[in-house]
Amino acid sequence: MDNLTATRSLCNAIANTFYPDNATIEFALFNEGIDAKAEATPKDPMIFRVAARLVIGYVENSRSENGVSTSVMSEEALKQSLSIWCGHYGLNADEVLSDYMRVIEDGTHLW
């Protein structure tokens, strides 16, 4: 499995309604210096961080575009899912997600 597939699969595992396109994942991986086509490493914390940012961006974007589809997880369910996956990856959820779980001050006030 390559890093692209691993990231896409993890995004879907965290939020089962999220199927990011390849170009978006490739760009996010590129920004972290990760080769999208390289062999994935099991439980790679950098892949998790990329996937977490993509999922949170997806949910925030869907909320700011006239509401979240009922198929998108609630904020609490998403936080719980991210925390569970942090544990699965052996990461401290408070440490890894603290920047992502703050209130966004751009007018949406949803996080």
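These notebook entries record what I looked up in the structure.

**Basis.** I worked from a predicted model, in which local features need pLDDT of at least 70, side-chain atom pairs count only at pLDDT 80 or more, and totals for chains, interfaces and linings use all residues. Residues are numbered from 1 along each chain as its sequence is written, and side-chain values use heavy atoms, with hydrogens and water left out.

**Helix pair.** I looked up helix α1 (residues 3–14) and helix α2 (residues 22–31); helices are DSSP runs of H or I with at least four residues, numbered from the N terminus. Their axes come within 10 Å and cross at roughly 110°. Axes are lines fitted to C-alpha atoms over the stretch in contact, and angles run from 0 to 180 degrees between N-to-C directions. I therefore noted α1 as roughly perpendicular to α2 (65 to 115 degrees). Contact (heavy atoms within 4.5 Å) is made by Asn-3, Leu-4, Thr-7 and Arg-8 of α1 and by Asn-22, Ile-25, Glu-26 and Leu-29 of α2. I recorded these residues as 3 nonpolar, 3 polar and 2 charged. Nonpolar covers Ala, Val, Leu, Ile, Met, Phe, Trp, Tyr, Cys and Pro; charged covers Asp, Glu, Lys and Arg; the others, Gly among them, are polar.

**Thr-7.** I found Thr-7 in helix α1. Thr-7 has a relative accessible area of 0% and is therefore buried (under 20%, with a 1.4 Å probe and protein chains only). Leaving out residues up to four places away in sequence, I listed Ile-25, Leu-29, Ile-47, Val-50, Ala-51 and Leu-54 as touching Thr-7.

Notes
Helix = DSSP H or I, 4+ residues; strand = E, 2+ residues; numbered from the N terminus. Parallel < 35°, antiparallel > 145°, perpendicular 65-115°, else oblique. Buried < 20%, exposed > 50% of the residue type's maximum accessible area, 1.4 Å probe, protein only.
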